[in-house]
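Reader: I have a model open and want to learn how to read it. Can we go through it feature by feature?

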Amino acid sequence: MEESAFNALAEAELAKIESALEACGVDMDIELKPGGILELEFDNGSKVIINRHTAAREIWVAAKSGGFHFRPENGGWIAGRDGAELYALLSRVVSEQSGEQVVLSASA
């Protein structure tokens, strides 16, 4: 995939993620930073960082429970390590770090 095509795809996905997070009802600060970075900060001071990594053609997620890398596959974003789906992983880490049950989806 060409760099420009990947960046457009990743930017669109980051916008969907931001919308899903804003709609989920959890009290957190969501900041979109330059370079395709979403930073989530929770009341307990913990953070989740979601960013595009153009060189690897992946979206990366850094959370208290670890780092995760997702590649575009069949219309979704799938982790190369274990086959996890991006929104399922985000639901889990946001739930863990916020202390509230969260279910995120790309259509939110």
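Reader: Which residue stands opposite Leu40 in β3?

Author: Keep in mind that this model is predicted. Leu40 faces Val48. The two belong to a pairing of β2 (residues 37-42) with β3 (residues 47-53). That pairing is antiparallel and runs over five bridges.

Reader: In what sense do β3 and β4 pair, and over how many bridges?

Author: The sense is antiparallel, over five bridges. Strand β4 covers residues 58-63.

Reader: Now the hairpins. Which residue takes a positive phi in the hairpin of β2 and β3?

Author: Look between the strands. Four residues lie there, and Gly45 has a positive phi near 90 degrees. Then check the hairpin of β3 and β4. Four residues separate these strands, and Arg57 takes a positive phi near 60 degrees.

Reader: Is Glu39 buried or exposed?

Author: Go by relative accessible area. The cut-off for buried is under 20%. Glu39 counts as buried because its value is 14%. Its place is in strand β2.

Reader: What does the side chain of Glu39 join in a polar contact?

Author: The side chain of Lys33, at 3.4 Å. Beyond its neighbours within four places in sequence, Glu39 also contacts other residues, including Asp29, Ile30, Val48 and Ile49.

Reader: What does Glu85 do at the start of α2?

Author: One of its side-chain oxygens comes within 2.8 Å of the backbone nitrogen of Tyr87.

Reader: How do I read the helix itself? What span does α2 reach?

Author: Compare the end-to-end span with the expected one. Helix α2 (residues 86-98) has 13 residues and reaches 18 Å from first C-alpha to last. That is close to the 18 Å expected at 1.5 Å a residue.

Reader: Which residues of α2 are buried?

Author: Start with the general idea. An α-helix has 3.6 residues a turn, so residues three or four places apart point the same way. Now the case here. Among the buried residues of α2 are Leu86, Leu89, Leu90, Val93, Val94 and Gln97.

Reader: What follows just after α2?

Author: Gly99, with a positive phi of about 80 degrees.

Notes
Residues numbered from 1 in each chain as written. Predicted model: local features only at pLDDT ≥ 70, side-chain atom pairs only at ≥ 80, totals over all residues. Heavy atoms only, no water. Expected span 1.5 Å × (residues − 1). Buried < 20%, exposed > 50% of the residue type's maximum accessible area, 1.4 Å probe, protein only. Polar contact = N/O pair within 3.5 Å; in protein donor to acceptor, adjacent residues only side chain to side chain. Pairing = 2+ DSSP bridges. Contact = heavy atoms within 4.5 Å.
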